[in-house]
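Trainee: Could you please show me how to read a few features of this structure, one at a time?

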Amino acid sequence: MPDPLALVTELSARLRPLEIDAARAWWDAANFVSPETEARRVSADLAVRDALGDPDAFTAITEARSHDGTDPLGARQLELLFEAFVPHQVPAALRRRIVELEAEVEATFNAFRGELDGRRVDDNEILEILRGSDDAQLRRRAWEASKEVGAQVADRVRELARVRNEAARALGYPNHFALSLATSELDEARLMATLDEVEQATREPFARWKAELDAQLAQRFGCAPGELYPWHYDDPFFQEPPVAGAVNLDPVFARADVEALTVRTYDRIGLDIRPALSRSDLFPRDGKSQHAFCIDIDHEGDVRVLCNITPSERWMGTMLHEFGHAVYDLEVGRELPWFLRTMHPLATEGVAMLFGRLPYDAEWLGSVAAIDPRELAGLR
C-alpha cells in the first residue's frame, strides 16, 4: 500500500504547476478571445485532465484512502484527489473531445455580440432596453438579438452533452449530471427533495405575485396577460424581477462609482479586497466574456474577478457578489496544504449571494452608498 503522505506530496508537486497554468490560460481565454488563447487553454486543460486521468495514480489514491493511520488533513486531501480523479478515468480521446468542445463553446459565447437594427450590441445595452423601454417591438428585437448565439453553438452544445454523458456512463453513472453531483459531495436525492420542498413552499406566493406583475405589464404594453412574451420582462432568463414588480435602484446607482462602493463595503467589515481588485478586469470591451466570475489562480493570493461594470443596480450587486467569493480565496490559511486552500462552492456561493443582496438593504444604502435620507424613505 502506498504511503499516503508521500503520495499526496508527489501529486501536489505534479498537479500544482499544471493547475496554475490552466487557471492562467482560462483567465486569458475569457479576457482576450482569440485562436491563440483558445489553443493555449485547450493545451493547459488537457495537461491537467491527462494527469488526473492517470490510472496508476488513481489506483494508488484508492488504496491510500483505506489506510487507517492517515491524519485528518491527509485523509481530506486523499478524498478530494479521489473525487478529482474519478471523472477523468476515461479514454484520452474522450477527454480531449470534451475539452475541445468546452473551449469552442465558451470562446463563441465570450466573443458573441448580438445584432440589433444593423449594429452589434453587448449584453449591457440589451438589458438596458429590456429594463426601460416601453417599445414592445424594440424589446422583442433586443431579446432576439440576445438569443442569436444559440444558433452558433447549438450543435456543439448537443455534442458536448452527448460526449459528457458517454464518459459518465463509461464510469458507471447514468449521466454527466449524476457524476458531477457524486464527485462534488452532493447527494442527488437530498438535493432534489430540497428543491421540491422549496418549490412547494413558494409556488402559491410566487403565482400570486406573478399574476399581479403580469397584470401591470399587460396594462403597460396594451395587451392581455396571456399575450405577454419573454421580451416583456426585464431579464432574458427571468432571474431578476422586473422593475414593475420590485424597487428600481438603477437611478440610485446611475452616477455611482461601483468599484469604490465595493471597496468601502468590505473595508467596513475589515476585509481588504484591494489585492484582488488590482489584478481584476472590471469593464466591458470587445473580445471579452460579458459575464462575471472570480478565479483563484494559484491559492497563494493571485485572486482575480472579471466583470463588465456599468453604473447600475445589476452590476453593483454583481461586484459585491464576486468579491464575496474573492475574500474567501484571499483569506484562506496559507498554512494549509495546497490541496486544502479551497472550500466547497456552496459555502462561498451562499456568502457571495448574501453580499450581492446588500444593495437592497436600507442600512447599506444609507451608510455605505450614502443615499439621501429623503430618497431612502421613498425607496422604503
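**Reading the features**

Mentor: Let us start with a polar contact, which is a pair of N or O atoms within 3.5 Å, where within protein one must be able to donate a hydrogen and the other to accept it, and residues adjacent in sequence count only if both atoms are side-chain atoms. Here a polar atom of the side chain of Thr183 lies 2.8 Å from the backbone oxygen of Leu179. This is a predicted model, in which local features need pLDDT of at least 70 and side-chain atom pairs count only at pLDDT 80 or more, while totals for chains, interfaces and linings use all residues. Residues are numbered from 1 along each chain as its sequence is written, and side-chain values use heavy atoms, with hydrogens and water left out.

Trainee: Is Thr183 buried or exposed?

Mentor: Buried means under 20% relative accessible area, exposed over 50%, and partly exposed in between (1.4 Å probe, protein chains only). Thr183 has 15% relative accessibility, so it counts as buried.

Trainee: Which residues does Phe293 touch, not counting residues up to four places away in sequence?

Mentor: Contact means heavy atoms within 4.5 Å, and on that basis Phe293 touches Trp26, Trp27, Ala30, Arg304, Val305, Leu306 and Glu322. Phe293 and Trp27 are 266 residues apart along the chain, and their C-alpha atoms are separated by 10.0 Å. Phe293 is also buried, with a relative accessible area of 13%.

Trainee: How many residues of H14 are buried?

Mentor: Helices (H or I, at least four residues) and strands (E, at least two) are DSSP runs, numbered from the N terminus. In H14, 16 of the 19 residues are buried, so the helix is mostly covered.
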